[in-house]
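Subject: Structure for you to look at

Hello,

Here is the structure I said I would pass on.

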Amino acid sequence: MKPDPITIEILRNAFIMAAEEMNAALIRSAYTPVIYESKDCAVALIDSRHRVLGQSSGVPLFLGNLEACTLATEEMFGRSVWGQGDIWIMNDAYLTGTHMHDVTVFAPIFYQGDLAGFAASRAHWLDIGAKDPGVPMDSTEIFQEGVRLPPTMVVRGGEPIDDIWSIIESNVRFPRSAIGDMQAQFAVASIGEHRLGALFDRYGRDTVEAAAEEIFRQSEQLDREAIRAIPDGEYTAEGFLDSDGVGDDPVRIKVKITVEGERLVFDLTGTDGPGQGPINCGAVQTLSACRLAFKYLFNSSQPVNGGTFRPLEVKTKPGSILDARVPAACQFYFTPLGLMIDLICSALSPALVDTVPAAHYGDGMIFQFTGINPRTDELFLDNEPHVGGWGASHGQDGEDGMIWTLSGNFHDMPIEVFESKFPALITEYGYRQDSAGPGKWRGGNGIIREYRMTTDTELSLWFERSGNPAWGLIDGKDGAPPQVVINQGTPRETRRLKTNRMPLRNGDTVRCYTGGGGGYGNPLERDPQAVQADLADGHITPAYAHRHHRLNHRD
Amino acid sequence: MKLRVATDIGGTFTDVVAYDPDLGRYATAKAPSRSDDLAGGVMDALSLVIDDPSGVESFVHGSTVGLNAFLQRRGERVILLATRGASDVYHIARGNRLDMFNIRYRKPIPLIPRRDIIPVGGRLDCEGDELAPLDHDDLRRASERIRSEKVRSVAIAFLFSYVDPSHELAAAGVLAELLPEVSVSLSHQVATEWREYERTASTVMDAYIAPSVSRYMADLSTRLNDRGMEAPLRVMQSNGGVISAHSASERPLQTLLSGPVGGAAGGVALSEVLDRSNLICIDLGGTSFDVSLITNGHADSSPSALLEGLPVLMPVVDIHTIGAGGGSLAYQEAGGLRVGPESAGAHPGPACYGRGGTRPTVTDANLYLGRIDPGYFLGGNLTLDVQAAQQALEDLGANLDLDGERLALGIIEVINAKMSQAIRTLTVERGIEPREFSLVAFGGAGPMHAVALAQELGITEVIVPPDPGGFSAWGMLQSAVRQDFSEAFFQDFTDLDTTEVESRFARLGETAVSSLLDEGVDHNAISLIRRLDMRYQGQEHTLTVTLPNHASPSEDGHLAALRQRFEDTYSARYGHSNPEAALETVNLRLTALGDVGRPLLQPNYRPDHPSGSPSKTPPVLFATGSYPTARFHRESLMPGCSINGPAIVEEATATTVIPPEATATIDEYGCLIIKAPPL
């Protein structure tokens, strides 16, 4: 019998809140700063048929694939593999789709002796034993990127499996933090089990499960209605990454979108690959990123569950950078995904002209440096994403200096925190003048952040989208591309966008420029008052105002 | 006559509570708030309970003036002086977003535009060593601009001023000399903590509201003095304590959340009077549901708050706001029922307000179920249209295949489930078990839902204080004078320099005592609480651990005891701890409290008092059926009497619902104590 609408609505909220509660526990007890500061983690409460009941994610990109882990495990070992009190771990890039720093922990939930569902969490660990401390920028095989764990049991019937723990501890550079984070993820499982059990106790398992079906149906209906609202047709876009991180050739990503009534197909089979460098991504995570693009465009405020995304179909070409196979390197799996999402948005812009923004600056723009800190004589590691300009859209300028879209609530690192922890100074941090893509509404500003080393260190960089910078829409222009200049203005000046463990000397400077966002609409139509305001605020020079807006200085 | 008076400005009404210690009696009243003349509204309210302010011995005020200036963006124009090379920090604002699936995200609009930020040369490193001297030419140029543009408020926030304030002080000195009338906020004084964006944002906020707050304080003091009041005017602070109006003008940021914390302050006082150390306080209004926690007799608080996305570093009582209230709308989506977070607001408001609303709200459901008396809403100030509520419910119900009754009950069930789940998540985040708490309900709609929420959470006792609508103002009467001080103190815990800790606390203590003496507090009424922010090395978040009261940190075993406290707190909060891991200290905190006397509730117990007689017994719908339900006027319920559910208690500011399975008594303080079995 179908439960009444009241019970269904109570349970719909209860599933979401259960996931919130699980995530709160994880964030509160995690060891790695990126988990509790940047919320680089996600949790899901999953039913016994591997469908999400409720989820909570601190990172947009972790939107939709935790259930892939429990499903893959069951496909490998059979349904009888699940045992009460067991906890599993995995980070295999091809099965989970992300890089191996993202470790997924999951546990079956039992109710009165029967399998009732799963609690799962994913969190970014500080180190996973790659060839270089932190994140290698030039790996060419998965084997250089750390310890790779297929679905592996770490707790059996409530008892830790010591030899597996030892393997993990022996293969990472910061074992205390790894074990600390793993235990924080265990807490998630026990909360999930408790909450689901309480709902079964109160409403009965049959009612809860029947309500879940109806909740899925409601989500599916909303997605179908959203797709039906846009015109049928084929929409395409393509773009290029600068390189795969090792070779110098641009890498093509091609998106063909078909809208047919209530059905939406993202066909990515025209994409290049595999890449020799670490830009490959497992198909599971490509799917998750397509779901994210969908969420950006449709029903953004609706919670995600097993019924969401049902009308969305994704096609990938095996072995391409969006459907990686052994031994493709996957460390920067997110780089093609960011471009792919921008392309999906732009492709659909004719159908969604009022909601789709021009391209964002495009990537994490990662600065990583490592060495021995003279203050402590210990190995240090700093890995920072950089903010840049977002794309403009109808009616509004793009935001200045934001973390890129896929990373959500990541924060930049305060200068005071940075300098207290690491042997370097930040000598400049501010907006990059004239970097915004011109338009009736302009793109956001990129930034400049300059570091000066106070000891010898090694530098790694991952900056992208210089060849194919944030493009404009509807006559809007491109934003400025990124660049990184080492020792600018000295005889030893060099430029790099991607590099791995480049030696730096005490006193060397690294000046990072991030890109601006694409503009929207014809720059000649920009409100002159808005141009004047940008001049007064120093965001643009008179030359920019003249060139793009025909505004003369004396005007 | 020695009256103690508190006033609390709300969006609609200004509440006043006056306590006469000789008679042991409270008088309460409310007057409409005046948005264009807040002090005038306060005077109006005051005149309703007091003829002659010269008899007032103590006057506490919950001021919304700073908050309003901020929310309406009507604060002072501010120039910010920031470290050259890092002057965009205030606008970059960490680059993060909470709104994850919005690709057209815009940051909260900063309080000052980029053109009003002036870079000033000069740089310290993380240990306070000078890398570049303060650039006096920059300062002079800045002063000229400030003068020529007639800017009256300046914020100064330089990098690493929390380690060494010398550059900020020197810059302030230059300004004081050149521009003596300009108000200056210094970041190291507003918040002695690291993270330049958060500290700068706090300093800008302080500078932005400072002139309005001091003008208002001066205005109100003058008006009160003109009416003959001699008692000092004290203001409620965000930290749950009070401070003199003079200090509030000096440090306006501390009064930013002055109003909302009154309820939590009332919770703390209630906790002491009723001898219940753990309380969950709920305040349900038309659009929002506020929750605060009292644990071990103290209000749960944080070292910072986020206001419309802008961070403010200041000790603040945690008020958690959830979008649920009497105005929460019920509607259909994808064939399912939804209740909230969308709200009917004031216009059109619930269907029963008769202002054109056609969609049912929580208030419509309560009315339809018979829980609200249509003729006695807001003390009879608004007559409700039962017919309109019924129509709205039946229309929506028809689409969902539910009759009006079932839908009305369902709306209440859904909103109660949402609110109780929100409370549960809050308690889980803090490692607290809600069953060990009592639930205190105040605000207009809190007592209507409180028992059901308690039952959902396994809480067996609900307390509804006398005059729940004026509870925040009452709470203010109970507050001690409070000042918080903090200092950055980064040290490895293993070789913690305990002599240094002691001498720093001693120094902070001296400052604190002299400042409380200035507040007019007696020396022997001052107490100091010393605390340390600590964490495992490598972590960012800290936990605050209180030092034992009289022990000296250099005593034997003291460090071990402190470490144990940290581990216990950590374990309670996070479920595990790591006794082997290295610890470090981050901040020293000192709270100074000054007891200025509190008019605690007085027992007024009359044994064997007969239960009050109900005014009428119309039917009311509960989940288990329809019952003839006794309706009582709160004034008719004397201490000692008891009531069996189902019953409804009405008073001018609130309606309390006592379901069939619950029982209630009136305790010696006039509190309604309701016991209900968990579900």
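What percentage of the 679 residues of chain B count as buried? The share is 53%, where buried means that 20 or more other C-beta atoms, placed from the backbone, lie within 10 Å of the residue's own.

Before the rest, some conventions. This is a predicted model, in which local features need pLDDT of at least 70 and side-chain atom pairs count only at pLDDT 80 or more, while totals for chains, interfaces and linings use all residues. Residues are numbered from 1 along each chain as its sequence is written, and chains are lettered from A and ligands numbered from 1 in the order in which they are written.

Chain B overall

Chain B holds 16 helices and 34 strands; these are DSSP runs numbered from the N terminus, with at least four residues of H or I for a helix and at least two of E for a strand. Its C-alpha trace spans about 80 × 60 × 55 Å along the principal axes.

A hairpin in chain B

Strands pair if DSSP finds at least two bridges between them. In chain B, strand 24 (residues 526-536) pairs with strand 26 (residues 583-594) in the antiparallel sense over 11 bridges, and B:Met534 of this pair stands opposite B:Thr585. Strand 24 of chain B also pairs antiparallel with strand 25 (residues 543-546) over four bridges, where B:Asp533 has B:Thr544 as its bridge partner. Strands 24 and 25 of chain B form a hairpin with six residues between them, and B:Gly538 in the turn has a positive phi of about 100°.

A sheet in chain A

Chain A has an open sheet of five strands in the order 14-15-20-17-18, with antiparallel pairing. Its edge strands, each pairing on one side only, are strand 14 (424-431) and strand 18 (494-495) of chain A. Two bridges join strand 17 (residues 483-486) to strand 18 of chain A, and A:Val485 is partnered by A:Arg495.

Regards

Key. A residue is buried if 20 or more other C-beta atoms lie within 10 Å of its own, exposed if 12 or fewer, and partly exposed in between; C-beta atoms are placed from the backbone.
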